[in-house]
Amino acid sequence: MWEYTDKVQQHFMNPQNVGELEKPSGTGDVGSLSCGDALKLTIEVDDNGIITDAKFKTFGCASAIASSSVLTEIIKGMSIEEASKLTNEDIAEALGGLPKEKMHCSVMGREALEAAIADFKGVILPMAEGEVVCECFGVTDLEIIRAIKESDLRSVEEITNFTKAGGGCGKCEDRLREILQQTVEGIAAEKTKPHKDQRMTTLQKIKKIEQVLEREIKPTLKKDGGDIELVDVDGDFVTVSLRGACSGCQSSRTTLKEYVEKKLREQVVDTLIVEEEK
Amino acid sequence: MNCGSEKVIYMDNNATTRVAPEVVDAMMPFLTDCYGNPSSMHTFGGMVGRAIEQARAQVAELLGADPEEIVFTSCGTESDSTAILSALQTYPENRHVMTTRVEHPAVKNLCESLTQLTGHKHRTTRLMVDEDGLLDMESYKQALSDDTAIISIMWANNETGVIFPVEEMAAMASERGILFHTDAVQAVGKIPINMRKNTIDFLSLSGHKLHAPKGVGVLYVRKGTPFVPFLNGGHQERGRRGGTENVASIIGLGRACELAAQSLQDENTRVKALRDKLEKELLATIPKSMLNGHPEKRLPNTSNISFEFVEGEAILLHMNQYNICASSGSACTSGSLEPSHVMRAMGVPFTAAHGSIRFSLSIYNTEEEVDLVLDKMPAIIANLRELSPFWEETE
Ligand SMILES: Cc1ncc(COP(=O)(O)O)c(C=O)c1O
Ligand code: FES
């Protein structure tokens, strides 16, 4: 028997906002039957970028249903920008906490929200890409790295609790350990760097981003016959388009997240999210 | 502590059972006045020793065994480990072990860690089951080998209740001089067993599955079967299991075996009829539901039903609101992330495996209880399906 909080019980027994919007501004569809949980989130966004309505359908255990239900309550009334900063920890917190083995349910909520926002913006979600590390649950290295960073994970078991990776046959465990070590070392190295000023105006940001693109990123991509153009900067969202050999190349999304986003976060603002123009 | 047992509808008897009131009565003196050590020289302790011998005879009677073939242990798991590890030590040169894909973790996990435990590399055949959960006798025959040290195959499956033809399989094994162990934890007390009519070498049972307390078990060891103890220590159990006896529980288990012999008939008529009613009506009233496991070759008390497109833990929590207790083979309830190995071995599709619910009845269940479950289940499943993104697509 799991120790569920009253809040989880409430949202499970009386889930809020069940269903599917007829004409959603954005849809996020994550998980699958074989994984044991799945969530379809539909959102309605008004002209001011405010989420005015949200509905969900979930297949899964009590905490998956409760996470989805509370998620719809949280995001209603939020701006898209606010919503895109929501973490799985926020979802778990709104439920008064989840058993650690169930944290992946809150991660599923965050993933669905992200997918719905990306769908609304018409961008391709880079997170689905990367190299699949855990075949049993189709989890990529990028997703794992992100979970490690966001939730400060320190063991393979925690990675499994949050992302499910490693929870099946277990043959990916060595690789998980490797990723964990590398990521943790990376975090430690970053901490020793001087802190960057986060309060930049959009104009300053654009200038700085262009600088980094010109000086560092473009030359590197060009070596491989590719190129990159800045399309738009909206808050922390940086939209770019990949050209030449990069566009449509299998690993372009890995390049985007692992290289471009990393560089920009290091040198401009460490909350930037880089997306590719559809 | 009040655990609310008076209002519970308990249909989870394959997990554990209620201790029979008669069993409690039999145990009480040994928890109070009769506290002597059965190994002591004085009469005060010796009387306790005699009570244990009476319990041994009661267990033997239920199994059609001789009392000296009964070794008391601390649980079913210990009995399983003892049998398998004993055989491996008896035949250290034999490096083949045969079992099935649907064993209880007590056998499954042990067989997966044999190398660690023995320091030898073993070949392990894990027999497949078909979609009804049945074994293929041809594959079994072919897997028998001259270097097979032990075969361990459960008598009845805890999740589906499916019964394996262990007596037939043991006969083939003994023809070739191979030791045969069966985990009969779920079978004892539910179906007739007569060890005089078969050639099974080791049989495990567990007290808490037949209305005795938790933490007591038995390993049946056929007379003449080579045996190496698992727990070395004092001379208790004729040197086959060291450790001062769990007296009260052993007495309780003896009494429970006596009661089980008396209720075997009831189990296979009235309980079976209740199970059949529950199963038939659930399958009839709830669309997209299906039975897991062979409909006939099965324990009389168990029904494992999948409700497609919904998840087991969610179903159980809703049932819990009505104080209905059952189990699920879903990932979320097993503490792992995948549906149970039994469901996967049977090839139950994922759409159904996650939503499997096991109802396991006992002689204490009533028709009113079955009716209440039948009354509540359709709405529980329908409500959860309303939430499921996969449900509409199939309508
Ligand atoms: C088939 C089977 N084998 C072994 C066991 C383990 O018995 P115990 O809990 O007494 O160790 C169980 C019960 O959970 C069981 O169902
Ligand atoms: S590949 Fe990750 S658990 Fe199987």
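This is a predicted model: local features need pLDDT of at least 70, side-chain atom pairs count only at pLDDT 80 or more; totals for chains, interfaces and linings use all residues.

Visitor: Which strand is Ala38(A) in?

Guide: Ala38(A) sits in strand E2 (residues 37-45) of chain A. Helices (H or I, at least four residues) and strands (E, at least two) are DSSP runs, numbered from the N terminus.

Visitor: Is Ala38(A) buried or exposed?

Guide: Buried, because its relative accessibility is 3%. The cut-offs: buried is under 20% relative accessible area, exposed is over 50%, and partly exposed is in between, with a 1.4 Å probe and protein chains only.

Visitor: And how far apart in space are Ala38(A) and Ile148(A)?

Guide: 22 Å, C-alpha to C-alpha. In sequence they are 110 residues apart.

Visitor: Switching to cavities. How many are 30 Å³ or more?

Guide: Four. A cavity is a set of points, on a 1 Å grid over the protein atoms alone, where a 1.4 Å probe fits but cannot get out; lining residues have an atom within 4 Å of a point. Grid points are joined across faces, edges and corners, and a volume is the space filled by probe spheres set on the points.

Visitor: What lines the second largest cavity?

Guide: Both chains contribute residues. From chain A come Thr58(A), Phe59(A), Gly60(A) and Ile65(A). From chain B come Phe309(B), Val310(B), Glu311(B), Ala314(B), Leu384(B), Leu387(B) and Ser388(B). Strand E3 (51-59) of chain A and helix H13 (367-387) of chain B each supply at least two of the lining residues.

Visitor: What about its volume and classes?

Guide: The volume of the second largest cavity is about 40 Å³. Its lining has seven nonpolar, three polar and one charged residues. Here Ala, Val, Leu, Ile, Met, Phe, Trp, Tyr, Cys and Pro count as nonpolar, Asp, Glu, Lys and Arg as charged, and the others, Gly among them, as polar.

Visitor: And the largest cavity, which residues lie nearest its centre?

Guide: Gly189(B), Lys209(B), Leu210(B), His211(B) and Glu267(B), out of 14 lining residues. The largest cavity holds about 100 Å³ of space. By class, its lining has five nonpolar, six polar and three charged residues.

Visitor: Which domains does that lining draw on?

Guide: Domain 1 (9-16 + 264-394) and domain 2 (22-259) of chain B, with at least three residues from each. Those bounds come from an automatic or database domain assignment. The two domain centres, taken over C-alpha atoms, are 29 Å apart. Their contact takes 28 residues from domain 1 of chain B and 29 residues from domain 2 of chain B.

Visitor: Now H2(B). What do its buried residues pack against?

Guide: Helix H1 (21-31), strands E2 (70-73), E7 (202-206) and E8 (217-221), and helix H8 (247-285), in chain B. The buried residues of H2(B) include Gly45(B), Val48(B), Arg56(B) and Leu63(B).

Visitor: How many residues has helix H2 of chain B, and what does it reach?

Guide: It has 21 residues (43-63) and reaches 30 Å from its first C-alpha to its last. That is close to the 30 Å expected at 1.5 Å a residue, where the expected span is 1.5 Å times one less than the number of residues. Gly64(B) follows H2(B), and its phi is positive, near 65°.

Notes: Residues are numbered from 1 along each chain as its sequence is written. Chains are lettered from A and ligands numbered from 1 in the order in which they are written. Side-chain values use heavy atoms; hydrogens and water are left out. Contact means heavy atoms within 4.5 Å. On a 1 Å grid over the protein atoms alone, a cavity is a set of points where a 1.4 Å probe fits but cannot get out, and a pocket is an open set with protein on both sides within 12 Å along at least five of seven lines; lining residues have an atom within 4 Å of a point.
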